[in-house]
Amino acid sequence: MATACRLAAPLGLAPLPRGRASAGVVAVAQCGGSKIPRGVAVRATSGGEGATEDVPEIVKAAQDAWDKVEDKYAVATIGVAAIVALWTVVGAIKAIDKIPLLPGVFEIVGIGYTGWFTYRNLVFQPDREALIGKIKSTYKEITGSSS
């Protein structure tokens, strides 16, 4: 008894059209319960019409910054630690959000503090100038710059 084989896409996706295999796709014929490789169609280009050599500015800037780093191990460790810390904080916030009363209380406290900060530092011009001066002096302390 002959069984009909059908052309299937990789990973069990929708079947490919008969007689056509797109570039870079391995076509598989399914006959009964086994899968038999049918053919491979791969096209490699080197600087031809399909290749784009334009790298965005941000990627170039990131590559230059990474090349300037002397202790790449420490920077990578700090990056991983930052991701883990962010993940932990998000988990803690989700856990707090599940407690019935706390999200409402935190929202009220946040609105109250925002109102107090605005009235205390942003409403009147002398207060705004003092806040800007404090921010600039803190920035100078952190960065060590004199400008």
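Hi everyone, let me start with a rule: rings of Phe, Tyr and Trp (its six-membered ring) pair if their centres lie within 6.5 Å, with planes under 30 degrees apart counting as stacked, over 60 as edge-to-face and the rest as tilted. What we have here is a predicted model, where local features need pLDDT of at least 70, side-chain atom pairs count only at pLDDT 80 or more, and totals for chains, interfaces and linings use all residues. Residues are numbered from 1 along each chain as its sequence is written, and side-chain values use heavy atoms, leaving out hydrogens and water.

By the ring rule we get three aromatic pairs. In one of them, the ring centres of Tyr 113 and Trp 116 are 5.5 Å apart with planes at 40°, so this pair is tilted. Together with Phe 117, Tyr 113 and Trp 116 make up one aromatic cluster.

Where do Tyr 113 and Trp 116 lie? Both are in helix 3 (residues 102–121), three residues apart, about one turn of the helix; helices here are DSSP runs of H or I, at least four residues, and strands are E runs of at least two, numbered from the N terminus.

Now the whole chain, please. From the N terminus, its elements run β-β-β-α-α-α-α.

The unreviewed UniProt entry annotates residues 73–93 and 99–119 as "transmembrane region", and such annotations may be inferred rather than shown by experiment. Residues 73–93 are 100% helix, with end C-alpha atoms 30 Å apart. For residues 99–119, the helix share is 86% and the end C-alpha atoms lie 31 Å apart.

Thanks, everyone!
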